[in-house]
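Trainee: I have a chain open here and would like to go through it with you. Could we start with the backbone and then work inwards?

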Amino acid sequence: MIERYDRLPSTQDRLHQLAAQGAPAGTAVVAREQTSGRGSRGRSWHSPAGGLWVSVLCRPQDEAGAVVLSLRAGLAVAAALDLVHGERTRLKWPNDLVLRDRKLGGLLCEARWPGAAQGWIAVGIGINVANPLPAALGPTAIALSEIRPGCTPEELLEPVVGAIAALSEAGGALTPAEAAAFAELDWLRGRRLLAPAPGLASGITPQGALVVRQDAGQLAVCRSGSVVLEGG
């Protein structure tokens with residue numbers, strides 16, 4: 001089921017309401033425009049008409065599946081997008097979609113565990129399609145319309161929702177095949193970082209943590225934190 005709205009404060013908030021009412025995994029909420037969209041760490045997310053702003057309900061089988069859901073979802077969405085625009089969408093740990101070295105969109109996973117009841121995760125996906133990009137982002141962001149003029153959010157909706165719904169109850173850590181797929185798309189790998197730990201980005205663990213090889217040779221395993229590239 002996909003609930004459609006012209007305007008919402010946040011598709012995430014509406015999906016949490018549906019989940020609390022017992023909505024099944026795979027339920028989705030989409031809006032042409034969000035007035036209070038949000039990204040990771042409480043940042044606001046510019047969500048005007050022309051972009052794809054959708055949230056999909058997941059109910060992972062176990063904690064391990066919940067921990068890696070953002071990476072698993074990123075792989076699924078990247079594959080769906082590649083079929084639309086014909087290029088390779090890459091992934092920037094932990095939750096960004098990158099195309100031509102610019103940010104195409106992102107994912108936001110918000111978990112709720114209401115007491116003894118079954119928990120859920122709302123997976124929010126924001127993709128720049130034909131929406132205007134904030135001037136402050138300058139050359140660091142990209143919209144699909146730059147590559148495929150005429151592309152619409154509606155064209156992406158069912159492939160993206162279907163990709164997330166297919167793994168909405170997946171459990172366990174990343175499989176070897178998933179880890180290998182992420183390694184092929186890993187935009188950070190080989191880049192020098194200042195944070196979440198200084199050193200060379202060196203892939204991820206099956207549990208979804210970022211591995212950073214520090215200058216002294218030791219490996220830092222980072223389970224959270226903002227990525228800051230050396231030199232900006």
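Trainee: Is Asp101 buried or exposed?

Mentor: Asp101 counts as exposed, at 52% relative accessibility, where exposed means over 50% relative accessible area, buried under 20% and partly exposed in between, with a 1.4 Å probe and protein chains only. Please keep in mind that this is a predicted model, in which local features need pLDDT of at least 70 and side-chain atom pairs count only at pLDDT 80 or more, while totals for chains, interfaces and linings use all residues. Residues are numbered from 1 along each chain as its sequence is written, and side-chain values use heavy atoms, with hydrogens and water left out.

Trainee: What is phi of Asp101 near?

Mentor: Phi of Asp101 is near 65°, which is a positive value in a residue other than glycine, and Asp101 sits in the loop between S5 and S6. Helices (H or I, at least four residues) and strands (E, at least two) are DSSP runs, numbered from the N terminus.

Trainee: And where is Arg100?

Mentor: Arg100 is in the loop between S5 and strand S6 (102-112), and phi of Arg100 is near 55°, again positive in a residue other than glycine. With a relative accessible area of 47%, Arg100 is partly exposed.

Trainee: Which peptide bonds are cis?

Mentor: The bond from Trp93 to Pro94 is cis, with omega near 5°, and Pro94 lies in the loop between strand S4 (90-92) and strand S5 (96-99). Ala195 and Pro196 are also joined by a cis peptide bond, with omega about 10°, and Pro196 is found in the loop between strand S8 (192-195) and strand S9 (199-204).

Trainee: Changing topic, which residues does Ile142 touch?

Mentor: Leaving out residues up to four places away in sequence, Ile142 touches Leu99, Arg100, Arg102, Lys103, Leu104, Asn128, Leu133 and Ile147, where contact means heavy atoms within 4.5 Å. Ile142 is in the loop between strand S7 (120-127) and helix H4 (153-165), and at 0% relative accessibility it counts as buried.

Trainee: How far apart in space are Ile142 and Leu200?

Mentor: They are 26 Å apart, C-alpha to C-alpha, and 58 residues apart in sequence.

Trainee: What does Ile127 touch?

Mentor: Beyond four places away in sequence, the residues that Ile127 touches include Trp53, Val77, Leu81, Leu144, Leu156 and Val160.

Trainee: Zooming out, how many helices and strands does the chain have?

Mentor: The chain has 5 helices and 12 strands. Its radius of gyration is 17 Å, close to the 17 Å that the globule rule gives for 232 residues, so the chain is as compact as a globular protein of that length; the radius is taken over C-alpha atoms, and the rule is 2.2 Å times the number of residues to the power 0.38.

Trainee: What percentage of the residues count as buried?

Mentor: Of the 232 residues, 50% count as buried.
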